[in-house]
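Please keep the coordinates open while reading.

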Amino acid sequence: MPIITIIGLDGSGKTTQAKLLVQRLNASGLKASYVRPDYVLIELLSSIKLPVDRFLPSPRQERTGIGLNPKQGKKNKRLRGAFMALSGYIYAWINYIIIAFYSQRKRVVVGDRYFYQFFYDIYGANSRKVIKLFPKPDIVYFLDGNLELFRSRMTNPLDKAVSDDYYSKVRSLLLELAPQYGFVTVDASQDVDSISNFIFTHCSTKLRGLKRGNI
């Protein structure tokens, strides 16, 4: 079964729409599972009482510098960057393999975001090269819109603290990837029900095509 993801800037409504899609797919008779692709391994290990998230460096903090000690030397910063470049790619692949395993169990996997922003946080401008080599979801819905609106919806303190410049660069990356990889762009300023109806209708049509081998 396919891997479907909903992406966009923080505050765009990814989580809300991903959970609604899972509910509606299950109600229609399809087995659908909700996942957060860049947290799958962390959540799995945390479920067996291994709180690894406490020890892993945050790619977002490394990219933005928010919450980091400003006295950290350049050498340490380079070492951290090299470590994250290697470990981040391996970590993403492990998460993808777990997600693919879910999808092979005849489930539709709905991802709340994907690895595009994660890769940007780690690799910056070089993220395009990494994304090109990494497996793609079957369907991607890109919730695009006004940053001012998204900021009004943000609840995470780290998300709120990040600069407009950071979000502008992430949005530019997603806009660049959209035509290359066939993202379905959705106006995130619409009301929740309108967005949900569009995504569910479009997704249902694509899933019917999958059964005929046309996705």
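## Cavity

Ile7, Gly8, Lys14, Arg113, Tyr114, Tyr116, Gln117, Val170 and Leu174 line the largest cavity. A cavity is a set of points on a 1 Å grid over the protein atoms alone where a 1.4 Å probe fits but cannot get out, and lining residues have an atom within 4 Å of a point. The largest cavity holds about 60 Å³ of space. Strand S1 (3–8), helix H5 (116–123) and helix H9 (164–181) each give at least two residues to this lining. Helices (H or I, at least four residues) and strands (E, at least two) are DSSP runs, numbered from the N terminus.

The model is predicted: local features need pLDDT of at least 70, side-chain atom pairs count only at pLDDT 80 or more, and totals for chains, interfaces and linings use all residues. Residues are numbered from 1 along each chain as its sequence is written, and side-chain values use heavy atoms, without hydrogens and water.

## Salt bridges

The count is 5 salt bridges (a side-chain nitrogen of Lys or Arg within 4 Å of a carboxyl oxygen of Asp or Glu). One of them joins Arg113 to Asp10, with the closest N and O atoms 3.0 Å apart. Arg113 lies in the loop between strand S3 (108–112) and H5, and Asp10 in the loop between S1 and helix H1 (14–27), so the pair ties together parts 103 residues apart in sequence. Both Arg113 and Asp10 are buried (under 20% relative accessible area; exposed is over 50%, partly exposed in between; 1.4 Å probe, protein chains only).

Arg171 pairs with Asp144 at 2.7 Å between the closest N and O atoms. Arg171 is partly exposed at 31%, whereas Asp144 is buried at 12%.

How values were computed. On a 1 Å grid over the protein atoms alone, a cavity is a set of points where a 1.4 Å probe fits but cannot get out, and a pocket is an open set with protein on both sides within 12 Å along at least five of seven lines; lining residues have an atom within 4 Å of a point. Grid points are joined across faces, edges and corners, and a volume is the space filled by probe spheres set on the points.
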